[in-house]
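Take a look at the model below.

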Amino acid sequence: MRADGDSGVPGSLGRVLADVAAERAAQDAMWGIQEHPDGTGPEGTAAADRAKRDLDEAKRAGGVTWRHILREEVLEAFAEDDPDLLRGELIQVAAVAVKWAQALDRRVATAPHRVRRTRFTAIVDVHVMFVRDGALLLGRRANTGYGDGLWHLPSGHLEAGEPVLRAAAREAAEEVGVTVDPADLTFVHVMHRAPDRVGLFFRAERWTGEPYNAEPGKCDGLAWYPMDGLPADMVDYPAAALRAIAEGRGFALHGWDDPETDPGAVTPER
């Protein structure tokens, strides 16, 4: 076998590393850049030694598993407090995890009767509820190709590498011209819409500026509607989400072919 890192399946290493890169981007999109103490050090040495003995015993018994190998690498990292050495140990942990993932892929590649499921990739959108004196701010879509002429919450897509709260604050500024501190947004609902959309809904507790139509090319008017008197001509899924929120439900499905969910297909959005 060539030492190309593909573990016998051409392109295997590149595919797994691409999955790792996508997961890392998703983590940053959700949590932003994080700084935490390492929490490692010599107090973990005894556990690392036990893991090494377990691995050695498994080798002698002919029963080595990926769990044995990865556990030893992880616990060796936990026992290290020198930053350079710790980094080296973490790289070894990552390399073993990648090789394990490649082994799983290789099983699929050599077992044609098995059907490998494609990992779900969601399009995430954010929605902001501005409520004042019991009234909700809505905008009427225009010239977008989706839901034109219907009322909608200020909303938009999450961008790569962007935390969701920052995305919601950005969309508020872009669409209705107000400044919202991400810390002043309260999560109220999540909706999984068929086939590949996840919508996150936030309520703005406070904001700076008076809302106005900041995107006249995509919106032909703003209006405040009483929470108990929302217009009938709304885009269907935010209307369903607002009903769920009023009922105190934090989660809903929409557009799935299931009698327990809202019926009907979801038109692709632009």
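Asp133 sits in the loop between E1 and E2. Helices (H or I, at least four residues) and strands (E, at least two) are DSSP runs, numbered from the N terminus. The phi of Asp133 is positive, about 55°, although this residue is not a glycine. Asp133 counts as exposed, at 79% relative accessibility. Here buried means under 20% relative accessible area, exposed over 50%, and partly exposed in between (1.4 Å probe, protein chains only).

This is a predicted model: local features need pLDDT of at least 70, side-chain atom pairs count only at pLDDT 80 or more, and totals for chains, interfaces and linings use all residues. Residues are numbered from 1 along each chain as its sequence is written, and side-chain values use heavy atoms, with hydrogens and water left out.

Move on to the loop between E2 and E3, where Asn143 lies. Asn143 is not a glycine, yet its phi is positive, near 60°. At 65% relative accessibility, Asn143 is exposed. Pro195 belongs to the loop between E5 and E6. A cis peptide bond joins Ala194 to Pro195, with omega about -5°.

Now take the loop between strand E7 (219–226) and H6, which holds Val235. Is Val235 buried or exposed? Val235 is buried, with a relative accessible area of 2%. Its contacts (heavy atoms within 4.5 Å) include Tyr146, Leu150 and Trp151, not counting residues up to four places away in sequence. Val235 and Arg140 are 95 residues apart in sequence, and their C-alpha atoms are 9.4 Å apart in space.

Next comes helix H6 (residues 236–246), whose buried residues are Tyr237, Pro238, Ala239, Ala240, Ala241, Leu242 and Ala244. What covers these buried residues includes strand E1 (123–132), strand E2 (135–141) and strand E5 (185–193). Gly248 follows H6 and has a positive phi, near 80°.

H6 also leads us to the cores. A nonpolar core is a set of buried Ala, Val, Leu, Ile, Met, Phe, Trp, Tyr and Cys residues joined through side-chain atoms within 4.5 Å. The largest one has 18 residues, of which Leu136, Leu153 and Met191 touch the most other members. E1, E2 and H6 are the elements that give two or more residues to this core. H6 provides the largest share, 6 residues. Apart from this core lies another, of 17 residues, including Ala168 and Val176.

Where is there empty space? Rolling a probe the size of a water molecule over the atoms shows where empty space is left. On a 1 Å grid over the protein atoms alone, a pocket is an open set of points where a 1.4 Å probe fits, with protein on both sides within 12 Å along at least five of seven lines; lining residues have an atom within 4 Å of a point. The largest pocket holds about 580 Å³ of space. Its lining has 19 residues, and the closest to the centre are Ala22, Ala25, Ala26, Thr121 and Ala122. Helix H1 (residues 12–31) gives the most to this lining, 9 residues.

Finally, check the confidence. pLDDT is the predictor's confidence in each residue, from 0 to 100. The chain averages 89, and 90% of the residues score at least 70. Among the elements, E3 has the highest mean pLDDT (98) and H1 the lowest (83). Over residues 259–270, pLDDT stays under 50.

Notes:
Points joined across faces, edges and corners; volume = space filled by probe spheres on them.
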